[in-house]
Amino acid sequence: MSDDQTSERARAIRRFRWLGLYLPLAVFGAIAVVQLALLPLMPDPAATHWGLSGGPDGFAPAWIHPLMTVFIGAGISALIAGIALAEIGRPGRRVAYRLMAAVIWWEVGMLGVSFLGTVLVQVGLDDAQDAPSATGMLIAGLLVGIALGVAAWKLSIEPPVEDDESHVPAPVALSSSEQAVWLKTVTMARSGRLVLGAAVVLVLVLAAVTASLDLATSGRLSGGTWIVIGSFVLVAVLVLLGVVFRVRVDDSGLTVRAPIGWPRIHVPREEIRTAEVVSVNPMGEYGGWGWRYAAGNGWGVVMRAGEALRVTRTNGRVFTVTVEDAETGAALLGGLTQRRESA
């Protein structure tokens with residue numbers, strides 16, 4: 001990497017530290033201070049969740065609001081920014097700082113407006129049951145989040161990387177009657193399992209806290225708590241389905257599937273234009289691990305950092321799977337495609 005690239009990379013990191021970490025934490029800190037100052041003016045218990053009807057259906061002590069702002073709002077921002085900064089610490093790694101900053105500020109706008117708004121609408125109320133609908137706050141939060149995300153995208157600097165390591169390997173020579181199969185099993189990297197495991201635990205703790213508060217205040221579970229419990233089950237199942245995948249290259253093309261058969265993607269051999277080996281950074285390029293989509297990179301099964309097999313379809317769409325010995329898989333796909341074209 002040249003001196004100019006090293007200097008530009010350092011400038012991108014400094015910009016991201018302020019834009020993706022320090023400022024979001026300051027915003028959530030300021031919101032928490034305002035919420036603490038308003039606590040004496042709020043009903044207790046206060047409304048903490050609004051149902052599909054628009055009215056409040058979950059209640060808890062008022063101090064839960066600043067607590068959620070710090071642990072959920074600031075915690076998510078710090079987690080995303082921390083992972084991105086850890087990835088950039090490895091020289092030459094590709095990290096999509098614009099994407100990461102945009103995601104963080106969308107979260108700041110969405111959660112910041114929602115957390116602050118749900119407190120403001122309860123100021124001066126004697127009974128939290130009288131709190132108005134939260135629909136307007138959610139719409140405002142969504143719009144503010146989008147605006148802040150776009151601004152963060154434009155203000156961020158994408159760090160330069162070392163020379164692109166992607167290449168198309170020489171096709172495997174196959175006779176007209178020869179059969180060949182390439183099989184691999186890919187398991188999610190430890191860092192990915194830790195992050196997804198933390199997400200599952202976070203949702204589980206949130207479900208346990210809301211359930212215990214519901215039972216303490218009303219003796220029954222609210223609709224909001226059931227939604228949180230359902231979210232925990234959904235997240236847990238999706239994580240379990242995305243930890244291990246089987247990769248197969250044969251005369252039919254490329255197949256990637258979970259051990260139970262779903263999720264599954266099959267790219268027919270006749271739809272493959274090129275098969276190449278690329279280097280992938282899960283968090284930096286796809287925003288995480290598992291079955292992912294990223295603008296510019298298409299769909300991918302991203303289980304760890306490093307080499308990956310990428311196929312480009314005849315319609316231009318791209319699919320990537322991180323797998324060891326991707327060179328052999330790409331070479332075999334190239335050989336199968338070459339044999340078909342020469343037949």
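Colleague: How many salt bridges does a search of the whole structure find?

Modeller: Five salt bridges turn up in the whole structure. Bear in mind that this is a predicted model, where local features need pLDDT of at least 70, side-chain atom pairs count only at pLDDT 80 or more, and totals for chains, interfaces and linings use all residues. Residues are numbered from 1 along each chain as its sequence is written, and side-chain values use heavy atoms, with hydrogens and water left out.

Colleague: Why is the contact between D251 and R269 called a salt bridge?

Modeller: The term asks for a side-chain nitrogen of Lys or Arg within 4 Å of a carboxyl oxygen of Asp or Glu. The N to O distance for D251 and R269 is 2.7 Å, so the pair qualifies. D251 sits in the loop between strand 4 (244–250) and strand 5 (253–257), while R269 is in the loop between strand 6 (264–268) and strand 7 (272–280), 18 residues apart. Those helices and strands are DSSP runs, numbered from the N terminus (helices: H or I, at least four residues; strands: E, at least two).

Colleague: What makes R269 buried or exposed?

Modeller: Buried means under 20% relative accessible area, exposed over 50%, and partly exposed in between (1.4 Å probe, protein chains only). R269 has 16%, so it counts as buried. D251 has 33%, so that one is partly exposed.

Colleague: Which residues are linked with D251 in a network of salt bridges?

Modeller: R269 and R339 are linked with D251 in that network. The D251 and R339 side chains meet at 3.3 Å, N to O, so this pair also passes the salt-bridge rule. R339 is in helix 8 (residues 326–342), 88 residues from D251. R339 is buried because its relative accessible area is 14%.

Colleague: Which parts of the chain does the pair of E271 and R313 tie together?

Modeller: E271 lies in the loop between strand 6 and strand 7, and R313 in strand 10 (residues 306–313), so the pair ties together parts 42 residues apart in sequence. Their side chains form a salt bridge at 2.8 Å, N to O. E271 is partly exposed at 32%, whereas R313 is buried at 12%.

Colleague: Why is the pair of W18 and Y22 called edge-to-face?

Modeller: Rings of Phe, Tyr and Trp (its six-membered ring) pair if their centres lie within 6.5 Å; planes under 30 degrees apart are stacked, over 60 edge-to-face, and the rest tilted. W18 and Y22 are 5.0 Å centre to centre with 85 degrees between the planes, so edge-to-face it is. Both lie in helix 1 (residues 3–38), four residues apart, about one turn of the helix. W18 is exposed at 55%, and Y22 is partly exposed at 39%.

Colleague: What makes the pair of Y293 and W299 tilted?

Modeller: Their planes are 55 degrees apart, with 5.2 Å centre to centre, so the pair falls into the remaining class, tilted.

Colleague: Which residues touch the most other members of the largest nonpolar core?

Modeller: F16, L254, V256 and L309, out of 49 residues. Such a core is a set of buried Ala, Val, Leu, Ile, Met, Phe, Trp, Tyr and Cys residues joined through side-chain atoms within 4.5 Å. Another core of seven residues lies apart from it, with A47 and W50 among them.
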